[in-house]
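Q: I'm new to reading protein models. Could you walk me through one, feature by feature?

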Amino acid sequence: MTTRSPGRLRPRITILAADHERLSTLARAATHSHPDVAEVLNEELDRARVVADAKRSHPFVRMGHEVEYRDDTAGMVRKVTLVYPEQADIGQGRISVLTPIGAALIGVGVGESISWETRNGELKRLTVLQVGEAEAV
């Protein structure tokens with residue numbers, strides 16, 4: 001299950017209006033199949049700042065975009081693309097927003113850190129280093 005700790009470990013997040021609508025539908029649909037992640041995703045959507053245009057915002061993790069982050073717990077840097085479940089392919093570095101780390105990443109701005117809990121109950125922390133262009137699918 002993914003959790004976001006209160007205070008400084010829970011940064012303000014931003015989500016595009018189109019992504020917010022689709023993610024809200026996805027979270028509702030996943031309530032029975034992935035209740036833990038769906039609950040966290042719903043919480044994040046409820047507190048997100050929804051914007052129509054990302055060009056006027058600080059860079060943030062969006063659906064279909066490559067993100068480079070540092071696992072602050074292990075000190076490793078990774079690049080992944082955050083995608084909807086039907087596009088997920090861990091071998092290709094495409095992670096679903098319906099995974100604990102995917103739900104943790106959505107909306108986090110460049111330079112911001114977030115804590116999240118793995119499915120095994122391990123607490124992790126990551127920092128978003130860079131958000132790239134949308135992946136061509």
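Q: In which strand does valine 77 lie?
A: Strands are DSSP runs of E with at least two residues, and helices are runs of H or I with at least four, numbered from the N terminus. Valine 77 belongs to strand β4, residues 76–83. This is a predicted model, where local features need pLDDT of at least 70, side-chain atom pairs count only at pLDDT 80 or more, and totals for chains, interfaces and linings use all residues. Residues are numbered from 1 along each chain as its sequence is written, and side-chain values use heavy atoms, leaving out hydrogens and water.

Q: How is the accessibility of valine 77 classed?
A: Buried means under 20% relative accessible area, exposed over 50%, and partly exposed in between (1.4 Å probe, protein chains only). Valine 77 has 47% relative accessibility, so it counts as partly exposed.

Q: Which residues does valine 77 touch, not counting those up to four places away in sequence?
A: A contact means heavy atoms within 4.5 Å. Valine 77 touches Glu68, Tyr69, Arg70 and Leu129. Leucine 129 is 52 residues apart from valine 77 along the chain, yet their C-alpha atoms are separated by 8.8 Å.

Q: What is the order of the strands in the open sheet?
A: Strands of a sheet pair through backbone hydrogen bonds, either parallel or antiparallel. Here, two strands pair if DSSP finds at least two bridges between them. The five strands run in the order β5-β4-β3-β7-β6, with mixed pairing. At the edges, β5 (94–96) and β6 (113–117) each pair on one side only.

Q: How many bridges join β6 to β7?
A: Five bridges join these antiparallel strands, and serine 115 stands opposite arginine 125 in β7.
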